[in-house]
Amino acid sequence: MWGLLNGLTIAITPTNLFYCLIGCLVGQLVGVLPGIGPVQATALLIPLSYGLEPTTAIIMLCGIYYGAMYGGTITSVLINTPGETASVITCLDGYPLAQQGRAGVALKVAAIGSFVGGVISTLALALLGPSVADFALKFGPSEQFALMVFGMSMVIGLMGKSFIRGLVSLSFGLSLALVGMDPISGAIRYSFGINDLVGGIEMVPLCMGLFGLSELLVLVEDLNVTHKASALNSSTLKKEELRPTTMAIIRGSFLGFFVGLIPGTGSAIPALISYSMEKSLSKHPDQFGKGAPEGVAGPETANNSYVGGAMIPLFTLGIPCSPTIAILMGAFMMHGMIPGPTLFITNPDVIWGTIASMFVGNVILLILNMPLAAAWAKLADIPNKMLCPAVLVISLIGAYSDSNSMFGVGVMLVAGVIGYVCKKLDIPLAPIILVFVLTDKMEQNLLQSIKIHSGVLGILTSPIALGLLVGAAAVIAGSLIMEIKNKKSSLLEGDE
Amino acid sequence: MMKKIVLCILFLALVLSLCSTPSIAAPAWPTKTITWIVPFSAGGNADNISRIIAPYFSKELGVAINIVNQPGAAGEIGTMAIAEADPDGYTIGVINAPDIQISCIVNDAYDLDFFKDLNYLATYTATPISFYAPQKSEWNTLEKFVKYHKEHPGGLLFGEGGIGHRVLMATVMDYFGIQISSVNFNSVADVVAAALGGHIDAAGAGNQVISQFVSGGWAPIAWGGTEKCKDFPDAPLFADMGLFTDFLNVMTVLLTPKDVPAYVNERLIEVANKVSRIPEVRTQLEAINCVYYFTSGADMDKKMKDYYSQIQTISEKYKSAIVLNN
């Protein structure tokens with residue numbers, strides 16, 4: 001704790017404060033442009049930090065990271081276009097809120113959630129620090145495989161009304177993920193002789209097409225509609241929404257932190273688990289997907305507090321848990337510091353300064369975004385005939401700049417048409433992308449576990465893996481029972 | 001008669017144009033921004049190295065250099081993009097050896113012709129790979145590691161982070177006549193995490209991650225490169241055993257498409273040599289834990305091609321250990 005206070009005095013020197021602000025602003029600006037997520041933004045701006053003091057440089061880069069994470073939220077809410085996987089979940093309820101003229105609510109809830117999540121996980125990082133690092137290491141391939149299965153079972157919660165349609169979506173995501181090189185052997189699958197498919201389908205253009213472009217096609221059906229600033233157009237929560245949203249934020253904070261400790265998870269998992277958890281705990285699960293503020297609050301909080309958790313394996317073991325953290329690790333090294341257990345001893349000022357700056361960064365983002373939320377929300381009032389072309393251009397540029405190839409643009413266009421067809425057929429889109437993201441990692445971990453245990457059953461010898469798999473089975477069984485019950489009751493209602 | 005005159009004029013024009021092209025065009029390059037393709041994601045090792053050296057190139061050449069990441073398929077897609085770019089000298093790039101050789105050898109579907117499609121100009125890094133094991137294990141020296149494998153063929157789980165590591169493993173298997181059973185991980189970071197968590201028994205990984213291994217109670221049991229590990233001088237060098245593993249050192253090599261004019265390559269090599277004499281370049285590369293090693297021009301080209309045949313020999317012998325789907 002003493003270290004944290006010491007860190008605060010470093011983080012709030014005028015220079016560091018200034019660069020933290022710059023980082024947050026730049027990050028947010030970059031995050032709003034689809035196609036450039038936190039990973040790319042942080043990597044591209046590392047050279048800018050060369051001339052700075054190491055602590056200042058790291059603080060600025062962290063600022064870019066949080067800023068970009070929040071920027072992704074803005075586009076998810078306003079134009080249904082997530083820039084990275086963590087924000088896919090945000091679209092589910094954020095965009096419906098925006099359509100109801102409540103974009104301000106979604107953005108504010110996300111800002112507050114991110115702030116609380118950030119602060120709680122920073123505190124946990126400062127208090128628990130190295131003592132929880134061992135927990136992270138317990139997650140080998142078997143445990144990670146089980147965690148991915150658990151994550152997949154959570155996707156069931158997003159399937160919407162029809163189980164069958166949900167399964168269609170899930171299997172589609174699964175098959176898309178299989179395209180390209182097998183993660184272990186390098187065997188090439190389903191590339192149909194197209195060289196660009198050898199590396200697999202890129203997530204960003206797929207995401208932008210399925211969510212953003214397909215929504216655009218829906219909007220184009222009636223160009224003259226303007227989202228009238230309705231009576232509901234306020235940035236405040238309704239009374240009855242206050243409690244569930246607060247609880248979602250608190251639960252999300254702890255959830256995100258603990259998932260962050262586990263290597264190789266990525267921020268989509270905590271967001272996904274949080275969403276499913278909130279939906280199952282809610283008194284009105286039917287409101288999810290139609291604009292439930294807690295459906296935005298929980299996942300947004302979880303993916304922000306994930307950062308604090310993910311810093312622990314980085315600082316204490318030198319193991320980066322997610323792509324962005326890997327880039328931060330690169331930044332540490334470029335400034336002459338090797339992340340690992342000795343870093344706390346050799347460069348305590350940098351570590352504690354960085355931890356404290358996470359506090360400061362979250363405060364800055366909150367201050368920036370509370371007033372800005374209303375301004376951003378006004379964008380949602382732009383008439384479709386002006387909004388659509390602008391969004392199309394931004395999406396095309398985003399799809400191109402993700403991997404600098406026209407192939408990405410093609411992927412986005414095709415995904416857009418598929419997304420539109422799915423919407424017309426009531427097939428939920430979120431499972432496609434989430435399963436797509438989880439499959440790669442899951443397959444790899446499965447193959448590694450089989451090798452380690454010389455067979456599939458060996459996975460069950462790990463208590464953590466067993467627990468997670470049982471949990472997954474329970475979630476699936478529970479949803480099936482609910483599904484059958486609902487079917488029966490709706491049939492009964494139909495009879496009467 | 002008329003025909004002959006026309007032919008003569010045409011011939012003269014052709015000769016003149018051929019003669020004049022280099023002398024006129026040579027000084028004219030470069031006049032605009034150069035695109036520098038990195039076939040890996042931003043933040044990876046090749047990307048970090050490029051972002052360190054490109055500014056020095058830009059300063060020497062007097063034009064801006066735009067780094068473009070084209071990741072995918074272990075660098076295969078971006079490398080293809082460099083090979084297929086207009087050979088005007090305005091698209092250059094980097095690739096990691098030995099990955100490119102291995103791709104060309106083991107991936108039958110990969111169209112790149114290693115010998116015909118690219119020019120290999122220079123490298124600033126060559127980071128060796130080493131073997132690590134837990135200090136408290138029964139196989140905490142290379143000798144014991146080999147002995148254990150003789151008694152229990154394939155008895156240990158050997159974690160590795162890529163195809164280059166498997167080639168080294170195959171080289172060791174060949175040398176000692178033992179059978180090692182490997183588990184592949186996506187990146188070196190994943191190997192380290194699995195090692196420290198006790199999910200694997202031994203590992204092959206770059207020299208640069210030694211500090212992480214040591215923090216978890218692991219130590220090198222055999223060391224790559226030509227200098228002994230400072231903190232663990234007992235770990236033998238592969239080189240001292242007569243095991244030549246230089247061809248597996250990770251080099252990030254500057255490339256141009258095959259048909260660029262000779263003056264572009266000459267100028268780039270000249271700049272590369274000049275940049276290699278700037279002390280900060282070395283300091284900055286060592287800060288990101290790369291082992292500094294500069295070579296350029298004909299030496300570079302020869303190294304790449306020699307290594308190709310070495311990798312090919314070992315790959316053919318141990319195809320099933322290297323290419324996992326066989």
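A salt bridge is counted here when a side-chain nitrogen of Lys or Arg lies within 4 Å of a carboxyl oxygen of Asp or Glu. By this rule, 15 salt bridges are found over all chains. The model is a predicted one, in which local features need pLDDT of at least 70 and side-chain atom pairs count only at pLDDT 80 or more, while totals for chains, interfaces and linings use all residues. Residues are numbered from 1 along each chain as its sequence is written, chains are lettered from A and ligands numbered from 1 in the order in which they are written, and side-chain values use heavy atoms, with hydrogens and water left out.

An automatic or database assignment divides chain B into domain 1 (34-123 + 250-317) and domain 2 (129-247). The contact between them (heavy atoms within 4.5 Å) takes 9 residues from domain 1 of chain B and 10 residues from domain 2 of chain B. About 970 Å² is buried between the two domains, with carbon and sulfur atoms giving 71%; buried area is the accessible area (1.4 Å probe) that two parts lose on being put together, summed over both. On the side of domain 1 of chain B, B:I102, B:Y307 and B:I314 lose the most area to domain 2 of chain B, together 46% of what that side buries.

The rule finds 1 salt bridge across this interface. B:K317 forms a salt bridge with B:D174, with the closest N and O atoms 2.8 Å apart. B:K317 lies in helix α11 of chain B and B:D174 in helix α6 (residues 163-176) of chain B, so the pair ties together parts that are 143 residues apart in sequence. Helices are DSSP runs (H or I, at least four residues), numbered from the N terminus. With a relative accessibility of 55%, B:K317 counts as exposed, whereas B:D174, at 32%, is partly exposed; buried means under 20% relative accessible area, exposed over 50%, and partly exposed in between (1.4 Å probe, protein chains only).

Helix α11 of chain B also holds both B:K302 and B:D306, 4 residues apart, about one turn of the helix. Their side chains meet in a salt bridge (2.9 Å, N to O).

In chain A, the side chains of A:E215 and A:K423 form a salt bridge at 2.6 Å, N to O. A:E215 sits in helix α10 (residues 203-220) of chain A and A:K423 in helix α18 (residues 406-424) of chain A, so this pair links parts 208 residues apart in sequence. A:E215 is buried at 7% relative accessibility, while A:K423 is partly exposed at 25%.

Note on methods
Helices (H or I, at least four residues) and strands (E, at least two) are DSSP runs, numbered from the N terminus.
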